[in-house]
Amino acid sequence: MRMIHHTTLAALVSLLLTGLPAKANLIEANDPRFGLNSLTVDTTTGLAWLDLTASAGLSYQQVLADTQPGGIFSGFRFAKAPEVLTLYASAGIPGPGNYPGSAPGDQAILNLISLVGATSFQDGNPETLGISGTSETFGRVVPGLDFLYVSGVPTYAVTGVPGQTLVYGEATSFPTVGSWLVSPVPESADSSI
């Protein structure tokens, strides 16, 4: 099953890359288990990111168990918080911080949320949070693109730096939090695929 997954993903990525402009860092791809546009492929790092909505509501421990052979997330692993920050950079987000609605990074934030899936909405604004494989003293780091108001101004808080972001216990689960899961995109041995 894993070989079919990687072969299908490699073929799809090869086909998609042939028609993309040189600056495209993130593209959508299909996964045979999770469906149409369920992956976001970062062409810079070679990682395929599973939509956060696929794991929403599951704790770190539940998802970890399902990354084992035969589990629903087999072939994926938890991304480390620095890898999530690299995904942000590939999406054009300048880095962790607060971005008011008119800030240059705001559109990049919304674009990334549309790719990885919104895990919740606040006042009609999409936001997304995901558990990473990076741990702190009391749990797992939860990087996210969180909508909030700062002095009454609609703002996106971009988090992901350990010590400056949410930390959830390993058995904690919330319906509005997914998991940052990645899989390497295998290089195709046959470039004509």
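Helices, as the word is used here, are DSSP runs of at least four residues, numbered from the N terminus. The structure is a predicted model, and the exercises below work through parts of it.

**Exercise 1. In which helix does Leu112 lie, is Leu112 buried or exposed, and which residues is Leu112 in contact with?**

Step 1. Leu112 belongs to helix H4, which covers residues 106-116.

Step 2. Buried means a relative accessible area under 20%; the value for Leu112 is 1%, and therefore Leu112 is buried.

Step 3. When its neighbours within four places in sequence are left aside, Leu112 is in contact with Leu26, Leu87, Tyr88, Ala91, Ile93 and Leu145. In the case of Leu26, which is 86 residues apart from Leu112 along the chain, the two C-alpha atoms are separated by 8.8 Å.

**Exercise 2. Describe how helices H3 and H4 pack, and which residues meet there.**

Step 1. Two packed helices are described by the angle between their axes and by the distance between those axes.

Step 2. For H3 and H4 the angle is about 115° and the axes are 9 Å apart, while the crossing is right-handed.

Step 3. On the H3 side the residues are Leu87, Tyr88 and Ala91, and these meet Ala108, Leu112 and Val116 of H4. Sorted by kind, the residues of this contact comprise six nonpolar, no polar and no charged.

**Exercise 3. Which strands are joined to E11, and by how many bridges?**

Step 1. Strand E11 (residues 153-159) is mostly covered, since five of its seven residues are buried.

Step 2. Strand E5 (residues 97-100) is joined to E11 by four bridges, and Tyr99 has Tyr156 as its bridge partner in E11.

Step 3. Strand E10 (residues 144-150) is joined to E11 by seven bridges, and these two strands run antiparallel. E10 and E11 form a hairpin with two residues between them, and Ser151 in the turn has a positive phi of about 50°.

**Exercise 4. How many aromatic pairs are found in the whole structure, and what is the geometry of the pair Phe34 and Phe76 and of the pair Phe147 and Tyr156?**

Step 1. A search of the whole structure gives eight aromatic pairs.

Step 2. Planes over 60 degrees apart count as edge-to-face. The ring centres of Phe34 and Phe76 are 6.3 Å apart and the planes stand at 75°, so this pair is edge-to-face.

Step 3. Phe34 is in the loop between E1 and E2, and Phe76 is in the loop between helix H2 (60-66) and E4, so the pair ties together parts that are 42 residues apart in sequence. Phe34, at 21% relative accessibility, is partly exposed, whereas Phe76, at 5%, is buried.

Step 4. The rings of Phe147 and Tyr156 have centres 5.4 Å apart and planes at 70°, so this pair is edge-to-face. Phe147 is buried at 4% relative accessibility, and Tyr156 is buried at 4%.

Terms used
Residues numbered from 1 in each chain as written. Predicted model: local features only at pLDDT ≥ 70, side-chain atom pairs only at ≥ 80, totals over all residues. Heavy atoms only, no water. Buried < 20%, exposed > 50% of the residue type's maximum accessible area, 1.4 Å probe, protein only. Contact = heavy atoms within 4.5 Å. Axes fitted to C-alpha atoms, helices over the stretch in contact; angles between N-to-C directions. Left-handed = near helix turned anticlockwise from the far one by under 90°. Nonpolar A, V, L, I, M, F, W, Y, C, P; charged D, E, K, R; others polar. Pairing = 2+ DSSP bridges. Phe/Tyr/Trp six-rings, centres within 6.5 Å; stacked < 30°, edge-to-face > 60°.
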